[in-house]
Amino acid sequence: MVPSPYAEAVLDLVARIPAARVMTYGDIADVLGRGGARSVGTVLARYGAGVPWHRVVRADGRPAAGHETRALNLLSREGISVANGRIEGIHALRWSPSDPVGTGTVRPPC
């Protein structure tokens, strides 16, 4: 199955998320200007094995359902603090591709 142009855009963006940073499903949809959090999740579920899928989390810092243990272990290895099944201090770790040097910017707290 060949990914759609939308799926390719999601995968390209996820591939750019730096280590020890995260984006939410909704962040990705907002950056792309189309789709929504659920459609981003669907793309990652179907095609995300080749990108750092673990860096995409729910808005409350929880990883993808069914992949919690693996995702939290991978995030922890990158230096992200996790507790009670979620990322601690997610707002300070959120990344945006708008940073001109490519390291991303910290989003303000929600």
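Student: Which residue just after α2 takes a positive phi?

Tutor: Gly33, with a phi of about 75 degrees. Keep in mind that this is a predicted model.

Student: Where do residues other than glycine have a positive phi?

Tutor: Ala20 is one of them, with phi of about 65 degrees. Asn84 is another, near 55 degrees. As background, most residues other than glycine have a negative phi.

Student: Where does Ala20 sit?

Tutor: Ala20 is in the loop between α1 and β1. It counts as partly exposed, at 23% relative accessibility.

Student: And Asn84, buried or exposed?

Tutor: Asn84 is exposed, with a relative accessible area of 78%. Its place is the loop between β3 (82–83) and β4 (86–87).

Student: Step back a bit. How many helices and strands does the protein have?

Tutor: Five helices and four strands. Along the sequence the pattern reads α-β-α-α-β-α-β-β-α. The protein has 110 residues, and 39% of them count as buried.

Student: Helix packing next. At what angle do α1 and α3 pack?

Tutor: About 80 degrees, with the axes 10 Å apart. That falls between 65 and 115 degrees, so α1 and α3 are roughly perpendicular to each other.

Student: Which residues meet there?

Tutor: From α1, which covers residues 5–16, you have Tyr6, Ala7, Val10, Leu11 and Val14. From α3, residues 37–47, they meet Ser39, Val40, Val43, Leu44 and Tyr47. By class, the contact of α1 with α3 has nine nonpolar residues, one polar and no charged.

Student: How do α2 and α3 cross?

Tutor: At roughly 105 degrees, and their axes come within 8 Å. α2 and α3 are therefore roughly perpendicular to each other. On the α2 side, Tyr25, Gly26, Ile28 and Ala29 make the contact. On the α3 side, Ala37, Val40, Gly41 and Leu44 do. The classes come to six nonpolar, two polar and no charged.

Student: Which residues of α2 are buried?

Tutor: Tyr25, Asp27, Ile28 and Ala29.

Student: What covers them?

Tutor: The cover includes α1, β1, α3 and β2 (56–57).

Student: You mentioned β1. Is Met23, in that strand, buried or exposed?

Tutor: Met23 is buried, with a relative accessible area of 0%. The C-alpha atoms of Met23 and Leu13 are separated by 9.8 Å. Those two residues are 10 apart along the chain.

Student: New topic. How much space lies in the largest pocket?

Tutor: About 210 Å³.

Student: What lines the largest pocket?

Tutor: Tyr25, Gly41, Leu44, Ala45, Gly48, Ala49, Trp53, Val56, Ala64 and His67. The largest share, three residues, comes from α3.

Student: How does the lining divide by class?

Tutor: Seven nonpolar, three polar and no charged residues.

Student: Which names link the pocket to the helix contacts?

Tutor: Leu44 is one. It lines the largest pocket, meets α1 and is part of the contact with α2. Tyr25 is another: it is a buried residue of α2, it contacts α3, and it lines the largest pocket.

Technical notes: Residues numbered from 1 in each chain as written. Predicted model: local features only at pLDDT ≥ 70, side-chain atom pairs only at ≥ 80, totals over all residues. Heavy atoms only, no water. Axes fitted to C-alpha atoms, helices over the stretch in contact; angles between N-to-C directions. Helix = DSSP H or I, 4+ residues; strand = E, 2+ residues; numbered from the N terminus. Parallel < 35°, antiparallel > 145°, perpendicular 65-115°, else oblique. Contact = heavy atoms within 4.5 Å. Nonpolar A, V, L, I, M, F, W, Y, C, P; charged D, E, K, R; others polar. 1 Å grid on protein atoms, 1.4 Å probe; cavity = no way out; pocket = protein on both sides within 12 Å on 5 of 7 lines; lining within 4 Å. Points joined across faces, edges and corners; volume = space filled by probe spheres on them. Buried < 20%, exposed > 50% of the residue type's maximum accessible area, 1.4 Å probe, protein only.
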